[in-house]
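The following note is intended for a colleague who is new to this entry. Please read the numbered points with the sequence and the structure at hand.

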Amino acid sequence: MILINVSNISKTYHTPTKEVIALDDLNFTINEGEILGIVGTSGCGKSTLLNILTNLEKSDRGSITSSKSIVIGYMMQNDALLPWLNVYDNAILGLKLKKITTKDNLAYVDNLLKKYGLYEFKNEYPNSLSGGMRQRVALIRTLAIRPNILLLDEPFSKLDIDSRITISDDVYKIIKELGITTVLISHDIAESISLSDRIIVLTKRPGKIKNIYEVNINEETIPSKRRNSEYFLELYQTIWGDIDHVS
Ligand code: ADP
Ligand code: MG
């Protein structure tokens, strides 16, 4: 079932010196329960697209419609934890900002912290955590408001490759367990294939849709295992060929 319909979205930035066409006539759907990967080179408009989906920015043309009321959880690129708040206060920050620190919601955060191995660290500060743990806290902060769609902008880009694979597995399990519809932005093709059910490949700027792929890898397996499938390599090569590499 279609959750969100994106029609004819275009966006141009006007600066004092020039015009930058960031997105050019995007049309696609976001289906309920899927992880939709979006890949494309740096500067092709990926973050702009998420900002438009969340209404932080306005598109020049087009429309975004949804089949039911949606609560968006948005983990922005460089959306770091606040170093002066401990794990718990970081995790409930979204609830505080929305003024919905109800007993129920706080209990939900406790549950998430317990479930994802962070409860005993709730009084620690971000600096004393590993990169992977910080990422999980940031995700819990986003999940605390109980979104029915999750937008993740390059969530793993600051982690080294080993933590990236481990945390991908963790995040994948969390998302699939909650069954939450997710849009995952990445410029890492392998990462995107390992996590996504479907992938939209954007051209270099101005971002247009180059291709859309179904990722036919067994849903039950986790990203690190999905990387071993034959289909993974095949799709990697196809998408690699699609991307306008900057040389
Ligand atoms: P990506 O996330 O794919 O790297 P962005 O969506 O951040 O790309 O940016 C797309 C293009 O729009 C880039 O060329 C960027 O420099 C430009 N851009 C983004 N935000 C602004 C802004 N607020 N003002 C002017 N140009 C912008
Ligand atoms: Mg970006």
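How many bridges join S5 to strand S6, and do they run parallel or antiparallel?

1. The model is a predicted one. In it, S5 and strand S6, which spans residues 149–153, run parallel and are joined by four bridges. Across this pair, Ile72 stands opposite Ile149 in S6.

2. The pair belongs to an open sheet of six strands with mixed pairing, ordered S5-S6-S7-S3-S8-S9. Strand S5 (72–75) and strand S9 (209–214) are its edges, each pairing on one side only. From one strand to the next, the twist averages 15 degrees.

3. Ligand 1 is surrounded by 13 residues, the closest being Gly43, Lys46, Ser47, Thr48 and Arg205. H1 gives the most to this shell, with three residues; strand S2 (19–31) and H1 each supply at least two. By class, the shell has seven polar, four nonpolar and two charged residues.

4. A backbone N or O atom of Ser47 lies 2.9 Å from an oxygen atom of ligand 1. Polar side-chain atoms also approach ligand oxygen atoms: one of Thr48 at 2.5 Å, and one of Arg205 at 2.7 Å. Ligand 1 exposes 570 Å² when taken alone, and the protein buries 65% of that.

Conventions. Residues numbered from 1 in each chain as written. Chains lettered and ligands numbered in written order. Predicted model: local features only at pLDDT ≥ 70, side-chain atom pairs only at ≥ 80, totals over all residues. Heavy atoms only, no water. Pairing = 2+ DSSP bridges. Axes fitted to C-alpha atoms, helices over the stretch in contact; angles between N-to-C directions. Near = heavy atom within 4 Å. Polar contact = N/O pair within 3.5 Å; in protein donor to acceptor, adjacent residues only side chain to side chain. Areas by Shrake-Rupley, 256 points an atom, 1.4 Å probe, with all protein chains shown as cover. Nonpolar A, V, L, I, M, F, W, Y, C, P; charged D, E, K, R; others polar.
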